[in-house]
Amino acid sequence: MRLSRDVAVVGGGMTRFHHRIHAERTSRELFVEAALEAKCSVDNGFDLKDVEALFVGNFSSDAFEGQSHTAALMADWVGITPVAASRIEDACASSGVAVNLAAMAIASGAYDVVMVGGVEKMRGLTTEGVTDTLAMAADAVYEVGAGFTFPGLYAALASAHFAEYGSSWEQLAAIAIKNHHNGSLNPKAHFQREVMDIASSLGERNQMSFGDELEFLRSSLNPYIAYPLRLFDCCPISDGASVLILAAGERVREFTDSPVYIRGIGQASDAMALHDRESLTSLRATRLASDQAYKIAGVQADDIDVADVHDCFTIAELMATEDLGFFPKGEGGRAAVEGRTGLDGEISVNPDGGLKAKGHPVGATGAAMAYEIFKQLRGEAGRHQVAGAEIGLAHNVGASGATVSVQVYGR
Amino acid sequence: MSVPRYWRETKYRYRLIGQMCAQCGSVMFPRSGVCSPCGSVDLEEVKLAETGHVVTWTVVRNPPAGYMEYAPYLVALVELDDGVRVLSQLVDIEPIKMKTGMRVEAAFRRVKVDGNSGIIEYGYKFRPLIE
Ligand SMILES: [Zn+2]
């Protein structure tokens, strides 16, 4: 695979990811907010009438909101009909894949200017309803039919990783603590509080006090969801939308003097159910998708300065940092404990708080990762800016690894 | 899960039947119509081993619809003695006693009750093997 024309991000926007503040809003309103921020972010101004096509990642507006045909609806509400509008559904990787397809649509010469984004309004359902809807992204017969849930699938991967490499729950806790710290610096994040800050206020309410984060995370206030994963190992249920404006290399200077190029893309699939995977401690689709993206971009894993990786559960970030080649297999957990993935570490992973703290409105996540890397490489990430970031990566996983998309970005 | 969707797979869930490729000899579960290693469609149904060991496991505390009455419950990836892997609930064992590598055997049990229709669905679960 290759990109036969240059493609750059020239604008980006996203809503805050949250549940309560979006309680009265639907997908279309969230998407319009993100699209208008993207439009206004284009340095030289942008007329929405310049958009030639729209790609929208969305997992299940059908089940969450009783609304299908989502892409045309978004085109209508953003006011860009009659452009071609397409919805992409690849579970939690929906808008990461949408970004890849939008880049290919420009690289192919079909379009010069494309809007791509993602949206999910999950909180219209109860937590049980959300759990059941998310479970549709697993094998309904052979995984869910055996009693597995999403946390259950990732918990099984965690148990296998612990057994094979001696990694530990304390290493997962380090990832949660880091991502909450990063989220505390990100005004778009669902959770903007340090773990210790949450420990103090929850502890006070329950007449408990904690000397440090681990004492709190080991307590009854952080219950098991699926052993060895506890509540703070899981991302929250959030609503939100994210939108990017992409332009062909030849047209970029009309829009900005500070574009962020999509240097490489990759995508792969794998067996849906865990019983058919060649490995339980590594996602093959992550390895293959990142290999493709590195090759097209002409970079290697250790060239990456900043990465948004898919941490729906803390174990997912640990495995991603290994499968993307940032650390040798089995050393991702130790690297996290040693601070090597922190904001000022050798490779900053999830500086925006990741899915863990920023939130995970399923269909909006992949494009929100691209938004973060766009901001980081332009030096516009504010308090969670990674100093001197020049090459960035976004890694979006569908369900337990049956779909993975990757992009490599550069100036 | 809707009842028709479940019943379509019932035979295979109830009797733990996989497929064997007549070309390359691979044994797979569930059967899919195509041999994933070699691409052959020359496949035969084959009865799988009913004993195996636990490869990895967890305890589900927030179950999907229809499984509430069992929670919290154990689920595992089991590797059967013929090398085929299946995901399954584990029964007749406390979570505290669970160990990776534990020997288990298939048992056929009620799996869930469909909340809307009340139809009881049966299938395999695994339990510790007493040798
Ligand atoms: Zn074969």
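**Contact between chains A and B**

In this predicted model, the contact between the two chains draws 28 residues from chain A and 25 residues from chain B. On the side of chain A that touches chain B, three elements each supply at least two residues: helix α5 (127-135), helix α6 (150-165) and strand β5 (224-226). Of the elements in chain A, α6(A) gives the most to this side, with seven residues.

Sorted by class, the side of chain A that touches chain B holds 19 nonpolar residues, seven polar residues and two charged residues.

**Strand β1 of chain B and its burial**

Within chain B, strand β1 spans residues 17-21. This strand is mostly covered, as four of its five residues are buried.

**Pairing of β1(B) with β3(B)**

β1(B) pairs with strand β3 (residues 43-47) of chain B. The two strands run in the antiparallel sense, and five bridges connect them. Within this pairing, M20(B) has E44(B) of β3(B) as its bridge partner.

β1(B) and β2(B) form a hairpin with five residues between the strands. In this hairpin, G25(B) adopts a positive phi near 85 degrees.

**Summary of the strand pairings**

Note on methods
Residues numbered from 1 in each chain as written. Chains lettered and ligands numbered in written order. Predicted model: local features only at pLDDT ≥ 70, side-chain atom pairs only at ≥ 80, totals over all residues. Contact = placed C-beta atoms within 7 Å. Nonpolar A, V, L, I, M, F, W, Y, C, P; charged D, E, K, R; others polar. Buried ≥ 20, exposed ≤ 12 C-beta atoms within 10 Å, placed from the backbone. Pairing = 2+ DSSP bridges.
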